Amino acid sequence: MTKVNREIVVSEALDLLDEVGLDTVSTRRLAKRLGVEQPSLYWYFRTKKDLLAAMAEAAMAPHAAAPLPMPDDDWGDWFLDNTRSFRRTLLMHRDGARLHAGSTPAGDLDRIRRKMDFLVTSGVPERDAQMAMLAAGRFTVGSVLEEQADAGSGDDSDPQADMPVIDHESAFEAGLTLILGGLVHRTAMRAASLSANDGEPKRSPHHRCSGGQRRPLPESGGHGTCADGG
C-alpha cells in the first residue's frame, strides 16, 4: 500500500487527470490508483470540489515559481513573458485550462499585488493594469481551452477546403500583442495627460472599493474585486 498524504493524493490526481481527462477523474478511480479505500480520501479532501481546487493550485506551481519582475525590467516585455508563462503552465496538464477555469488564486495574492505594483510603478494606470491583467488571463484560459479541445477531439478528418487551419500559438501571440498594444496606447495617453497638466492629474485613476479599500484583480480571470461589485 502506498503511504498517503495530501501532497501524494494531489500528485496522483494530476497524473490521473493526464491519463483519463477531467471528465473521468473520480475519487473512486483515485482511491484505486493509490491502493486505499475511497472513504479514506475524505480525510484530506471533504469533497471532490476541494480536491479539484487543490489540483488547480498544484498545477499552477511552475507559473507561481516564475521570477517576479525587477524594477529595471521593461514592463511590456514582462507583460508578454508573464502571460506566456501562464499559457505554458496551463498546457502542461491535460484539460489544464478547464481545471483552472473558475479557480481562485487565494495563495498567490501577494505575487499578484507585487506584479500590479510593478506595472503601476512603471507608469501604467492602475485601473488599466488591473483590466489588462484580467483580460490577458481570461484570453489565455480561453485560448488554451480551444487548443486542448481540438487536441482531444480525436477528429482526424481533413478540414473543409474553405476552412482556415488555425495555428494556436500564432493566434495566441497575435491576440496577446493586441492586448499589449491597447495597454501601451492607454499608458501613453495617460503620460501625455500628466504632461499637459504639469504632472498633476485632475483625478486619481485608482480603483477603490467602498470605504476606500483597494483590492487587486486576479490575473487568472477571477470575479470583481469589490464586495459590492464595484
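Let me start with helix α3. Its buried residues are L51, A54, M55, A56 and A59. Keep in mind that this is a predicted model. What covers those buried residues? The cover includes α1 (6-20), α2 (27-34), α4 (61-64), α5 (75-90) and α6 (96-100).

α3 has twelve residues, 48-59. At 1.5 Å a residue, α3 should span 16 Å, and its end C-alpha atoms are 16 Å apart, so the two agree.

Now the whole chain. The secondary structure is nine helices and zero strands. Along the sequence the pattern reads α-α-α-α-α-α-α-α-α. There are 230 residues, and 37% of them are buried. On contacts, take residues at least 6 apart in sequence: 73% of those contacts join residues at least 24 apart.

Next, the cores. The general point is that nonpolar side chains in soluble globular proteins tend to be buried together. Here the largest nonpolar core has 20 residues. Which members touch the most others? They are L30, M55 and L99. Helices α1, α2 and α3 each supply at least two residues of this core. α1 gives the most, with six.

Look at L99. Leaving out residues up to four places away in sequence, L99 touches L14, L17, L22, L52, M55, A56 and A59.

M60 sits in the loop between α3 and α4. Is M60 buried or exposed? M60 is buried, at a relative accessible area of 13%, under the 20% cut-off. What does M60 touch beyond its neighbours within four places in sequence? The contacts are F86, T89, L90 and H100. Take L90: it is 30 residues from M60 along the chain, yet their C-alpha atoms are separated by 7.4 Å.

Another loop residue deserves a look: D95, between α5 and α6. Most residues other than glycine have a negative phi. D95 is not a glycine, but its phi is positive, about 60°. D95 also counts as buried, at 14% relative accessibility.

Now aromatics. How many aromatic pairs are there? The count comes to two. W78 and F118 form an edge-to-face pair, 5.5 Å centre to centre, with 70° between the planes. W78 lies in α5 and F118 in α7 (residues 109-121), so this pair ties together parts that are 40 residues apart in sequence. W78 is buried, with a relative accessible area of 8%. F118 is buried too, at 7%.

F139 is partly exposed, with a relative accessible area of 24%. F172 is buried, at 1%.

R87 lies over the face of the F172 ring, 5.1 Å from the ring centre.

Last, confidence. The mean pLDDT of the chain is 85, and 78% of its residues reach 70 or more. Two stretches need a caution. Over residues 202-218 the pLDDT is below 50, and that stretch has 40 contacts in the model beyond near neighbours in sequence. Over residues 220-230 the pLDDT is again below 50, with 26 contacts of that kind. Where pLDDT is low, the predicted coordinates should not be read in detail.

To recap. The fold is nine helices and zero strands. Two aromatic pairs are counted. And residues 202-218 and 220-230 have a pLDDT below 50.

Methods:
Residues numbered from 1 in each chain as written. Predicted model: local features only at pLDDT ≥ 70, side-chain atom pairs only at ≥ 80, totals over all residues. Heavy atoms only, no water. Helix = DSSP H or I, 4+ residues; strand = E, 2+ residues; numbered from the N terminus. Expected span 1.5 Å × (residues − 1). Buried < 20%, exposed > 50% of the residue type's maximum accessible area, 1.4 Å probe, protein only. Contact = heavy atoms within 4.5 Å. Phe/Tyr/Trp six-rings, centres within 6.5 Å; stacked < 30°, edge-to-face > 60°. Lys NZ or Arg CZ within 6 Å of the ring centre and 35° of its normal. Core = buried A, V, L, I, M, F, W, Y, C linked by side-chain atoms within 4.5 Å. pLDDT = per-residue confidence, 0-100.
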